[in-house]
Amino acid sequence: MSNIFFDNDCLFIRKGIKFHRINLKSKEIYSKDFFKKDGQARSFKIYDNLIFCKDFCDFYILTKNFELIHHIRLGSDLTTDICGFDIDEKNIYVGIRDGNLAIINRLTFEVIYFKISDYSSWDMIASDKLYVGLVSGELMIINKDNLEDNLTINLHKNNLRSLYKFNEKLYTASQDLSIKCLDLKSFKVEKTKRSAHKKMFKLIGVYKDALISVSHPCYETVLWNLNDFEIIETINLGRWDMELFEDNIYFIDRFNNLGYINLNTKEKIVIEEYQDL
């Protein structure tokens with residue numbers, strides 16, 4: 001999750017109190033104030049033509065014109081704020097810091113809570129099953145139709161903060177600084193890369209034969225060979241707000257500039273016409 005997301009030909013950005021939608025073909029920019037003040041605990045995803053955004057203990061559902069559809073307050077303090085979340089065609093699955101899973105029905109907005117762990121969940125993927133990375137380093141695989149039907153795998157030694165599913169494999173990134181590849185049929189670890197970065201990092205996607213990880217503290221992006229986790233390329237730029245789309249990784253840099261890295265040429269380009277957002 002981040003504050004930059006691609007949907008169709010549009011790049012969506014949350015900066016400060018504003019949302020922006022940039023059509024990269026027509027160059028049209030649409031911006032709107034949404035929040036009353038800036039916040040550091042915000043991120044969003046787009047699914048099924050809607051924007052889903054967390055903001056500390058609050059959860060928002062918006063149109064792509066940034067009109068509010070629904071607002072839900074799911075917690076009250078630092079022990080019950082929102083961690084990871086994901087969406088499918090029926091529900092929104094939201095991890096709460098106290099180990100609860102909040103499930104929001106997308107039609108009725110009814111919320112049910114289910115205790116899945118004593119640990120908070122930092123990232124999750126809702127697909128055939130619900131894949132949840134816990135602060136303990138464990139991975140939970142949950143049957144979405146029967147929440148008590150779940151499997152817990154002791155995968156990492158520390159916070160499992162980032163997940164990426166690709167071709168029946170689950171790639172995981174942890175604060176123990178390792179990357180693992182888990183086969184989702186056998187539930188066995190196929191590959192491990194230790195000391196992938198020197199500090200905290202996350203996974204942002206797969207490009208051709210490369211898994212891409214980003215470390216904001218190290219200010220680097222690394223392309224790993226999917227077959228053996230050997231380094232293909234290290235790029236001297238890394239931000240939490242980075243989004244892979246086609247041949248480019250879009251980013252908002254430390255100077256608040258919008259730009260992209262072309263993965264064919266490795267050239268870093270700042271998009272001048274979007275610097276006044």
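How many bridges join strand β6 to β7, and do the strands run parallel or antiparallel? In this predicted model, five bridges link β6 (residues 50-55) with β7, and the two strands run antiparallel. Phenylalanine 52 faces isoleucine 61 of β7 across this pairing. Two residues separate the strands in their hairpin, where phenylalanine 56 adopts a positive phi near 60°.

On its other pairing, β7 is joined by five bridges to strand β8 (residues 68-73), again in an antiparallel arrangement. Here isoleucine 61 stands opposite histidine 70 of β8. The hairpin of β7 and β8 has five residues between the strands, and phenylalanine 66 in the turn shows a positive phi of about 70°.

Strand β7 (residues 58-62) is largely enclosed by the rest of the structure, because five of its five residues are buried. In a regular strand, side chains alternate between the two faces of the sheet. Both faces of β7 are covered, with Asp58, Tyr60 and Leu62 buried on one side and Phe59 and Ile61 buried on the other.

Turning to the nonpolar cores, the largest holds 15 residues, of which Ile212, Met242, Ile249, Ile261 and Leu263 touch the most other members. At least two residues each come from β21 (202-207), β22 (210-215), β25 (242-245) and β26 (248-252). The biggest contribution is that of β22, with three residues. Apart from this core lies another, of 14 residues, including Leu50, Ile61, Val94 and Ile104.

The second largest pocket has a volume of about 150 Å³. Among the residues lining this pocket are Leu155, His156, Asp176 and Arg194. The lining comprises one nonpolar, three polar and four charged residues.

Note on methods: Residues are numbered from 1 along each chain as its sequence is written. This is a predicted model: local features need pLDDT of at least 70, side-chain atom pairs count only at pLDDT 80 or more; totals for chains, interfaces and linings use all residues. Side-chain values use heavy atoms; hydrogens and water are left out. A nonpolar core is a set of buried Ala, Val, Leu, Ile, Met, Phe, Trp, Tyr and Cys residues joined through side-chain atoms within 4.5 Å. Buried means under 20% relative accessible area, exposed over 50%, partly exposed in between (1.4 Å probe, protein chains only). Helices (H or I, at least four residues) and strands (E, at least two) are DSSP runs, numbered from the N terminus. On a 1 Å grid over the protein atoms alone, a cavity is a set of points where a 1.4 Å probe fits but cannot get out, and a pocket is an open set with protein on both sides within 12 Å along at least five of seven lines; lining residues have an atom within 4 Å of a point. Grid points are joined across faces, edges and corners, and a volume is the space filled by probe spheres set on the points. Ala, Val, Leu, Ile, Met, Phe, Trp, Tyr, Cys and Pro count as nonpolar, Asp, Glu, Lys and Arg as charged, and the others, Gly among them, as polar. Two strands pair if DSSP finds at least two bridges between them.
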